[in-house]
Amino acid sequence: MMTYLSRHLMVATVAAPLAFTGTAAHAADIVDTAADAGSFDTLVTAVEAAGLVETLKGEGPFTVFAPTDEAFAKLPEGTLEELLKPENKDQLVAILTYHVVPGKTMSSDIAGKELEVATVQGSPVAIDASDGAVKVDEATVTQADIETDNGVIHVIDTVITPAM
């Protein structure tokens, strides 16, 4: 039979690790979430080359339309390599910031709507969520609402580019 003291020690032993995991566990930021996913290696490399890591790890909130590695593979041969060169950093920054919208926009916020939204790059991006499938310019959202601690990621199947 358990005594009062042994019962409270057992509860404390079980509860203590839970208290630590509860306080330590939180969502990762946009960059860490993308890096951990395993399907955004090219995006993470581009964000690093553009010097945008600290920005996308910042407070936000941000909505990021994140192209997968397969989306980057659709670019014409040599395009990505050219963009990653230091002398093309401004162009890379413009393309990447075109994938970012200030604020946290969940799919439920735009369901059934067609709209244009200003991107961090400055140009508006067209979003069409009027018929079930969500389009962002010519890209299709393949997975929506990946929440992070500084915003949300929507996965897209094509790299989108602003008019330059």
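# Exercises on a predicted model

Helix α3 passes helix α7 in a left-handed crossing, where left-handed means that the near helix is turned anticlockwise from the far one by less than a right angle, and right-handed that it is turned clockwise. The model is predicted, so local features need pLDDT of at least 70 and side-chain atom pairs count only at pLDDT 80 or more, while totals for chains, interfaces and linings use all residues. Residues are numbered from 1 along each chain as its sequence is written, and side-chain values use heavy atoms, with hydrogens and water left out.

## Exercise 1: the chain

Task: state how many helices and strands the protein chain has and what percentage of its residues count as buried.

Solution. 
- Step 1. Helices (H or I, at least four residues) and strands (E, at least two) are DSSP runs, numbered from the N terminus. The protein chain has 8 helices and 7 strands.
- Step 2. Buried means under 20% relative accessible area, exposed over 50%, and partly exposed in between (1.4 Å probe, protein chains only). In the protein chain, 38% of the 164 residues count as buried.
- Step 3. A contact requires heavy atoms within 4.5 Å. Of the contacts in the protein chain between residues at least 6 apart in sequence, 61% join residues at least 24 apart.

## Exercise 2: the helix pair

Task: find the angle at which the axes of α3 and α7 cross and list the residues that make the contact.

Solution. 
- Step 1. Axes are lines fitted to C-alpha atoms, for helices over the stretch in contact, and angles run from 0 to 180 degrees between N-to-C directions. The axes of α3 (residues 41–50) and α7 (residues 89–97) come within 9 Å and cross at roughly 125 degrees.
- Step 2. This makes α3 oblique to α7, because angles under 35 degrees count as roughly parallel, over 145 as roughly antiparallel, 65 to 115 as roughly perpendicular and the rest as oblique.
- Step 3. On α3, the contact is made by Leu 43, Ala 46, Val 47, Ala 49 and Ala 50; on α7, by Lys 89, Leu 92, Val 93 and Leu 96.

## Exercise 3: salt bridges

Solution. 
- Step 1. A salt bridge is a side-chain nitrogen of Lys or Arg within 4 Å of a carboxyl oxygen of Asp or Glu.
- Step 2. Asp 32 pairs with Lys 57, with the closest N and O atoms 2.9 Å apart.
- Step 3. Lys 104 forms a salt bridge with Glu 147, the closest N and O atoms being 2.7 Å apart. Lys 104 is in the loop between β2 (100–102) and α8 (107–110) and Glu 147 in strand β6 (residues 139–148), so the pair ties together parts 43 residues apart in sequence.
- Step 4. Salt bridges that share partners join Asp 29, Asp 32 and Lys 57 into one network.

## Exercise 4: Thr 158

Task: decide whether Thr 158 is buried or exposed, and name the residues that Thr 158 touches.

Solution. 
- Step 1. Thr 158 lies in the segment after β7 (151–156).
- Step 2. With a relative accessible area of 18%, Thr 158 is buried.
- Step 3. Not counting residues up to four places away in sequence, Thr 158 touches Pro 67, Ala 71, Lys 74, Glu 138 and Ala 139.
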